[in-house]
Amino acid sequence: MKSYAVIGTGAVGGYYGGRLANRGKTVHFLARSDYNHIKETGLRVDSPLGNFHLKDVSVSPSPEETPRADVLLIALKTTGNHSLKKLISPMVREKTAILILQNGLGIEEEVQAWFPENPVLGGMCFICSRKGGPGHVIHQDYGKITIGCLKEEHKNLVEEIALDMNESEIPATIVDDLPEARWRKLLWNIPYNGLSVQLGCSTDRIMKTHPSRQMVERIMYEVLDGAKACGITIEREAVDNMMAFTDKMAPYEPSMKLDYDFNRPMELEYIYRKPLDAALKNGCEMKSIWMLYKHLQFLEALKDSEE
């Protein structure tokens, strides 16, 4: 059994870290803004799988004060990645594994360049959750995670982490091809995050309206084309499967829509720009995705100018 340190105790980190801790795993939480609340009242998770309240939580306000852990779970938004290296450096020691629970493309490669001797893993989280307040996570639907590694030599480590998660009511599967898994996750993230902002609605409304379903489908096929240009073949049926997955999902406002609604920066760099650049570098121009990206940039710039 590994020990874990959660970097970013929000909707994702609070949920997965909370599940691990609730099942007796050793988990330390780095929570800067929520530190005092969690220290005093604990961490609460409301879930259709059963609510739980961790009253005695190992929580720290800074990386220097966070106890040593075998695995760092990086659950911060990618909008803060400009300071991520500085943030986690005090916590990275010899053999510390770094598991990235972020959305987008190219993140693991960046972190591996910072810490070339450490195991760097990627986790794709298929979950509907949000923060209900300080130290409070509201889990709405799903929750499975797929985990892969950049280097074959770390596959045993991935298996150990997946075992800990499965023992903690987190359905975890292992993938052999991490870049492919990242593109598969983009198949959902690129259309639904952006369209929820652009159209101003939740996933259920997008899926109930024919024109917006057509937009989703067109964008998803472009993601497949971009992945193929990068040497990754994803079966065409994946589009139908992902849309069926979303049809069954509880009404959900993706994280990008919540960020936009609450005047927070949107995760455009890793979810849009990096996949667009990777595909274009290999001769594939994802035109509909480029237009969506530019519209999101415009909306963000417009909000910035109004402040």
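Me: If a salt bridge is a side-chain nitrogen of Lys or Arg within 4 Å of a carboxyl oxygen of Asp or Glu, what makes the contact of Glu253 and Lys257 a salt bridge?

Reply: The side chains of Glu253 and Lys257 meet with N and O 3.3 Å apart, which is within the cut-off, so the pair counts as a salt bridge. The model is predicted, so that local features need pLDDT of at least 70 and side-chain atom pairs pLDDT 80 or more, whereas totals for chains, interfaces and linings use all residues. Residues are numbered from 1 along each chain as its sequence is written, and side-chain values use heavy atoms, without hydrogens or water.

Me: What makes Arg273 and Asp277 a salt bridge, and where do they lie?

Reply: The closest N and O atoms of Arg273 and Asp277 are 2.4 Å apart, so this pair also falls within the cut-off. Both residues lie in helix α11 (residues 268-281), four residues apart, about one turn of the helix. An α-helix has 3.6 residues a turn, so residues three or four places apart point the same way. Arg273 has a relative accessible area of 26% and is therefore partly exposed, and Asp277, at 37%, is partly exposed too.

Me: How many salt bridges does a search of the whole structure find, and which residues are linked in a network?

Reply: The search finds 20 salt bridges, and Arg19, Arg23 and Glu169 are linked in a network of them.

Me: Why is helix α1 called mostly covered?

Reply: Eight of the ten residues of α1 (residues 13-22) are buried, among them Gly13, Tyr15, Tyr16, Arg19 and Leu20. Gly24, which follows α1, has a positive phi, near 90°.

Me: Why is Phe29 called buried, and which residues does Phe29 touch?

Reply: Phe29, in strand β2 (residues 26-30), has a relative accessible area of 1%, and is therefore buried. Contact means heavy atoms within 4.5 Å, and, not counting residues up to four places away in sequence, Phe29 touches residues including Gly13, Gly17 and Gly18, as well as Val6, Leu43 and Val57.

Me: How do you know that the radius of gyration of the chain agrees with that of a compact globule?

Reply: The radius is taken over C-alpha atoms, and the globule rule is 2.2 Å times the number of residues to the power 0.38. With 307 residues, a compact globule would have a radius near 19 Å, and the chain has 19 Å, which agrees. Of these 307 residues, 55% count as buried.

Terms used. Helix = DSSP H or I, 4+ residues; strand = E, 2+ residues; numbered from the N terminus. Buried < 20%, exposed > 50% of the residue type's maximum accessible area, 1.4 Å probe, protein only.
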